[in-house]
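Thanks for making time for this. I will walk through one structure, starting with contacts and ending with the surface.

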Amino acid sequence: MWVRNFTVLLRFFQPKMKNLLSKNLLLIFVALVLILPLAKSSQAVDISTSDMIGLRGGVWKVEEAGDLPSTIDAKTYTPYLELFLSYGLKKGFSLEFDLGAGYRGDTKFIFEDGYYWENWNLYPISGKIKYSFLSFYSPNNFQPYLDLGLTFLTSSSTYNDAYYLDIVHVRTKSALGALAGWGLDYSLSPRILFNLDFQYRWVSFNKEVAGIKNYSGPQLTFGLEYIIKHKKK
């Protein structure tokens with residue numbers, strides 16, 4: 001039940017991740033950039049042809065949430081976690097699969113007679129092709145990449161009826177979209193790598209989810225990955 005576990009983690013870390021949306025996120029990124037060059041790998045590996053598994057987290061900005069009417073109060077940034085698997089195809093190219101979860105928090109709808117809340121979570125499943133454009137040079141610890149792929153986004157909401165509290169409603173909606181971006185892998189050891197990933201998702205539902213149809217926006221994550229298998233160069 002990775003979806004349920006991801007949601008629990010997201011709700012636990014939500015207050016902390018809000019701080020990352022301001023200066024703290026920039027400070028952490030700068031610190032990583034300064035620290036990573038000091039890390040030593042016992043040997044350079046061909047990252048692009050390796051099979052890897054990893055976990056990363058960060059934020060997903062829902063751009064349309066910043067332009068909602070005053071009667072809808074929704075968060076612009078969504079805390080986000082992602083489990084990913086990367087399969088090396090050949091030198092310079094790899095295929096990645098991502099299982100993600102984003103916690104939207106509470107969206108408030110205001111009326112003349114009062115208000116009510118909706119709480120939604122986002123669960124994207126994505127597949128993309130990665131191109132490591134420096135992989136054709138001598139193997140090194142630092143390898144940037146470009147990627148392009150498709151994403152299938154499912155949203156889910158569980159809430160109690162306002163009049164019958166013992167009745168729980170579950171609603172789900174799905175949409176298909178695309179994503180593109182860039183990132184980098186940095187080898188900390190022959191098996192452990194640091195990963196920084198930036199994506200832009202284009203995805204929109206045919207009906208509103210927490211007052212929003214279009215969930216397109218940028219996504220910034222970072223984390224660690226483990227090389228399961230080295231392949232021949």
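Contact here means heavy atoms within 4.5 Å. With that in hand, take Ile-212: leaving out residues up to four places away in sequence, Ile-212 touches Val-62, Glu-64, Ala-65, Leu-68, Arg-104 and Lys-207.

Before going on, some ground rules. This is a predicted model, where local features need pLDDT of at least 70 and side-chain atom pairs count only at pLDDT 80 or more, while totals for chains, interfaces and linings use all residues. Residues are numbered from 1 along each chain as its sequence is written, and side-chain values use heavy atoms, with hydrogens and water left out.

Now the overall layout. The protein has two helices and eleven strands; these are DSSP runs, H or I of at least four residues for helices and E of at least two for strands, numbered from the N terminus. In order from the N terminus, the elements run α-α-β-β-β-β-β-β-β-β-β-β-β. Of the contacts with a separation of 6 or more, 67% are between residues 24 or more positions apart.

As for burial, 44% of the 233 residues count as buried. Buried is under 20% relative accessible area, exposed is over 50%, and partly exposed lies in between, with a 1.4 Å probe and protein chains only.

Ile-212 comes back in the largest nonpolar core, which has 18 residues. Such a core is a set of buried Ala, Val, Leu, Ile, Met, Phe, Trp, Tyr and Cys residues joined through side-chain atoms within 4.5 Å. Those with the most contacts inside this core are Trp-60, Val-62, Leu-153, Phe-205, Ile-212 and Tyr-215. Two or more core residues are given by each of strand E5 (114-131) and strand E9 (204-209).

Next, the aromatic rings. How many aromatic pairs does the structure hold? There are six. Rings of Phe, Tyr and Trp (its six-membered ring) pair if their centres lie within 6.5 Å; planes under 30 degrees apart count as stacked, over 60 as edge-to-face and the rest as tilted. Trp-60 and Tyr-80 are edge-to-face, because their ring centres are 5.7 Å apart and their planes stand at 90°. Trp-60 is in strand E1 and Tyr-80 in strand E3, 20 residues apart, and the pair links distant parts of the chain. Both Trp-60 and Tyr-80 are buried.

Phe-93 and Tyr-131 make a tilted pair, with 5.0 Å centre to centre and 35° between the planes. Phe-93 belongs to strand E4 (residues 93-111) and Tyr-131 to strand E5, so this pair ties together parts 38 residues apart in sequence. Phe-93 is partly exposed at 29% relative accessibility, and Tyr-131 is partly exposed at 31%.

Ser-94 is also in strand E4. Is Ser-94 buried or exposed? With a relative accessible area of 3%, Ser-94 is buried.

The protein exposes about 12,600 Å², of which carbon and sulfur atoms supply 64%; accessible areas come from the Shrake-Rupley method with a 1.4 Å probe, and for residues only the protein chains shown count as cover. That is where I will stop; questions are welcome.
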